[in-house]
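I hope they are handy while you look through the structure.

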Amino acid sequence: MNRIVENIRGRLINSPVRRYYKLKASYSIAVELLSALDLEDALKILVNRIASYMSVEIVSIMLTDNDKKRLVVKIAKGLDEKIVNDASIEIGKGVSGWVGKTGQSLLIKDITKDPRFALKASGKYYNNSLLSVPLKMRGRIIGVVNVNNKASKDVFRESDLDLLNAIADFAAIAIEVIKLEEQISKSNKDHRELVSNVAHDLKTPLATIKEAILLMLEGVSGQINEKQKKYLDISAENVERMVHMVDDILLSDDTLCSRQSLNRNLFNVTDTAKGIIDSLGIIAKKKGIKLGGYIPDKRIEIWGDPDKLNEVISNLVENAIKYNRPEGRVDVSLEEDERSVTISVRDTGMGISKEDIGKIFDRYYRINSAERKDVAGSGLGLSIVKNIVNMHKGNIAVESESDHGTKFTVTLPKDLRTLR
């Protein structure tokens, strides 16, 4: 009779319905884990989903420590908090340690009668049945899942072990992905902090050098001849380039890492555009480039961050001047409809090839061409522009081809407050 019952159970375990349920549960949990905020959040989700899918009251998840010598309880459901905080075990010792060492799953109907294990965790259990399965990634054991107390108060069966193994297989992959993402995030954060600190440290000496050069050009330290003035002008121009590069790095760090720091205000974008044309007109004239365009006299109001949008327009116009040709032209236009504002910057400059046009918004990317090699830049300007536009839920488009100029078009919603 017992053999008949076991045969029926075996067929149920391997039935298409059971396999479908196992796969669906495992996949569903893995997807949810990968959407977690961090590893701690993912482990909370995992213990709760195991408890729900398997109808159990006690679940604990242990992960290997940095030395791979011990298993440490990271989270548990249904256990006393003190037990959880103090629980760690040497790999190879006890039930979890044996699973952590061998990588084999265990179904024990009565741990008190199993001579292999001398250690037994204390707790209020309906019976002495438990499941313990490894979390494995490519054969490497990263942790162990322990389960006790079926809500039905029955002992565990092979079907329960089969389901927990499937969940653990998917969960191990998700956990490793999350851990890797956290490591990459920390590495990127450390890198950004280093770059930002260096950039901040450069600002003060650059400002001092700039001020000293300007004072010499003004004759404060004595009269200078034309040859000296020429060299000082070159020095001043290069210091100004370095200042812009440092500002780009700092602004890029702020824009990319503090995406929620928009200062939303209602402002007149017409005044912003006119002010930029007036301020950059001097630079354009010095390079023999005509800066103009169509900016309406009426007020065009927009909800957004005026400083960041000033940076967008300034950056596009500066690039149009910088990469233009002698006697070239830059046209800036501003238009509106009921819901949006469109800002266009067109130049008659070098243009951008089809190969480069898809990469120009990448951080630190600079077009490698003979005409551009002597033009200073950090490769951050357009990535900053792109991120600010994205922060405002807008769109930026570019039309260009080599030797035929370039047109950038930025479209922004008038009322950012209504967007989510």
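**Notes on the model**

1. Let me start with one residue and its contacts. Leaving aside neighbours within four places in sequence, L161 is in contact with S105, L106, L107, L131 and V133. L161 belongs to helix α6, which covers residues 158–217, and is buried, with a relative accessible area of 10%. One of those contacts, S105, is 56 residues away along the chain, yet the C-alpha atoms of L161 and S105 are separated by 7.9 Å. Please keep in mind that this is a predicted model.

2. Now for the overall picture. The chain has 11 helices and 13 strands. It counts 420 residues, of which 41% are buried. Taking contacts between residues at least 6 apart in sequence, 65% join residues at least 24 apart.

3. Helix α5 is worth a look. This helix spans residues 94–102, and its buried residues are G94, V95, S96, G97, V99 and G100. What do the buried residues of α5 pack against? They pack against strands β1 (56–64), β2 (70–77), β3 (88–90), β4 (106–108), β5 (130–137) and β6. Just after α5 comes G103, with a positive phi of about 75°.

4. Next, the pairing of helices α8 and α9. Helix α8 takes in residues 269–286, and it packs with α9 at an angle of about 30°, the two axes being 10 Å apart. Angles under 35 degrees count as roughly parallel, so α8 and α9 are roughly parallel to each other. The crossing of α8 past α9 is right-handed. On the α8 side the contact uses T272, I276, L280, I283 and A284, and these meet N310, I313, S314, V317, E318 and I321 in α9. Sorted by class, this contact between α8 and α9 holds seven nonpolar, three polar and one charged residues.

5. Setting aside neighbours within four places in sequence, A284 is in contact with I289, L291 and I321. A284 and E327 are 43 residues apart in sequence, and their C-alpha atoms are 9.8 Å apart in space.

6. Helix α9 also meets helix α11. The axes of α9 (residues 306–322) and α11 (residues 381–391) come within 9 Å and cross at roughly 145°. Here α9 passes α11 in a left-handed crossing. From α9, the residues K308, L309, E311, V312, N315, L316 and N319 take part, and from α11 their partners are G381, L382, I384, V385, I388, V389 and M391. The classes in this contact of α9 with α11 are nine nonpolar, three polar and two charged residues.

7. How many aromatic pairs does a search of the whole structure find? The search finds one aromatic pair. Its rings belong to F361 and F408, with centres 6.4 Å apart and planes at 85°, so the pair is edge-to-face. F361 lies in the loop between α10 (354–357) and α11, while F408 lies in strand β13 (residues 406–413), so the pair ties together parts that are 47 residues apart in sequence. F361 is buried, with a relative accessible area of 19%, which puts it under the 20% cut-off for that class. F408 counts as buried at 8% relative accessibility.

8. Finally, two backbone angles to check by eye. Most residues other than glycine have a negative phi. N149 has a positive phi, near 60°, and is not a glycine. E327, also a residue other than glycine, has a positive phi near 65°. E327, in the loop between α9 and β10 (329–336), counts as exposed at 69% relative accessibility.

Methods
Residues numbered from 1 in each chain as written. Predicted model: local features only at pLDDT ≥ 70, side-chain atom pairs only at ≥ 80, totals over all residues. Heavy atoms only, no water. Axes fitted to C-alpha atoms, helices over the stretch in contact; angles between N-to-C directions. Helix = DSSP H or I, 4+ residues; strand = E, 2+ residues; numbered from the N terminus. Left-handed = near helix turned anticlockwise from the far one by under 90°. Contact = heavy atoms within 4.5 Å. Nonpolar A, V, L, I, M, F, W, Y, C, P; charged D, E, K, R; others polar. Parallel < 35°, antiparallel > 145°, perpendicular 65-115°, else oblique. Phe/Tyr/Trp six-rings, centres within 6.5 Å; stacked < 30°, edge-to-face > 60°. Buried < 20%, exposed > 50% of the residue type's maximum accessible area, 1.4 Å probe, protein only.
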